[in-house]
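Hi,

Here is the structure we talked about. Please open it first, then read my notes below.

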Amino acid sequence: MSLLLALLEDMFFAMIPAVGFALVFNVPAKALKYCAYGGAIGHGLRFVLMESGMAIEWATLAGATTIGFLGVYWSQRFLAHPKVFTVAAIIPMIPGVYAFKAMIALVTINNQGYTPTLWASLMENLISAGFILAALAIGLAMPGLLFYRRRPVI
């Protein structure tokens, strides 16, 4: 029961930045709820996969791919561009904590000097942030690569 409550809380708090960034990006008012749904579904899927033991990078790829496919579906249904639904929905999965920790380690190395512990922290967080960003980009591009190709996949 606590996992379900944690999932609902995670999905609710993922809806807030999705709608906020949709407003910043001037998304039409009719599409705001779909941006919120996309952010909640993608972040919720990532949460469930991480709780089941999957690495954050792979869980992010699955969540971003789900958002990408939902965006394509909604764009065909409501005759809008997929980016209207997907870009704002993907924002809650941006790896801000990893990038912040990497930057703090870099600034500390600059101020206090090199230590192997700080360097390891910098590299670990920087690589994690990079892979999460790559997973977001690949996940959003996946529907376009599969559906909108002019040549066959094989």
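A residue counts as lining a pocket if it has an atom within 4 Å of one of the pocket's grid points. Keep that in mind for the pocket notes. One caution: this is a predicted model.

**Overall fold**

The protein chain has six helices and zero strands. Along the sequence the pattern reads α-α-α-α-α-α. Its C-alpha atoms fill a box of roughly 55 × 45 × 35 Å along the principal axes. Of the 154 residues, 37% are buried.

**Largest pocket**

The volume of the largest pocket is about 180 Å³. Which residues line it? They are Gly68, Val72, His81, Pro82, Lys83, Thr86, Val87, Leu140, Ala141, Pro143, Gly144 and Tyr148. Three helices each supply at least two residues of this lining: H3 (56–78), H4 (82–90) and H6. By class, the lining has seven nonpolar, four polar and one charged residues.

**Nonpolar surface patch**

Phe69, Leu145, Leu146, Phe147 and Tyr148 form a nonpolar patch on the surface. Together they have about 490 Å² of accessible area. Helix H6 (residues 116–147) gives the largest share of the patch, with three residues. Phe147 is placed in H6. Tyr148 belongs to the patch and also lines the largest pocket.

The phi of Leu79 is near 55°, a positive value in a residue that is not glycine. Most residues other than glycine have a negative phi. Is Leu79 buried or exposed? Its relative accessibility is 79%, so Leu79 counts as exposed. Ala80 has a relative accessible area of 29%. Why is Ala80 only partly exposed? Because 29% falls between the cut-offs of 20% for buried and 50% for exposed. The C-alpha atoms of Ala80 and Phe25 are separated by 14 Å, and the two residues are 55 apart along the chain.

**Loop between H1 and H2**

Asn26 sits in the loop between helix H1 (2–24) and helix H2 (32–51). Asn26 has a positive phi too, about 55°, although it is not a glycine. At 67% relative accessibility, Asn26 counts as exposed, because the cut-off is over 50%.

**Where to look first**

Then check the backbone at Asn26 and at Leu79.

Best wishes

How values were computed
Residues numbered from 1 in each chain as written. Predicted model: local features only at pLDDT ≥ 70, side-chain atom pairs only at ≥ 80, totals over all residues. Heavy atoms only, no water. Patch = residues over 30% accessible without salt bridge, like charges linked within 9 Å, V, L, I, M, F, W, Y side chains within 5 Å. Areas by Shrake-Rupley, 256 points an atom, 1.4 Å probe, with all protein chains shown as cover. Salt bridge = Lys/Arg side-chain N within 4 Å of Asp/Glu carboxyl O. Helix = DSSP H or I, 4+ residues; strand = E, 2+ residues; numbered from the N terminus. 1 Å grid on protein atoms, 1.4 Å probe; cavity = no way out; pocket = protein on both sides within 12 Å on 5 of 7 lines; lining within 4 Å. Points joined across faces, edges and corners; volume = space filled by probe spheres on them. Nonpolar A, V, L, I, M, F, W, Y, C, P; charged D, E, K, R; others polar. Buried < 20%, exposed > 50% of the residue type's maximum accessible area, 1.4 Å probe, protein only.
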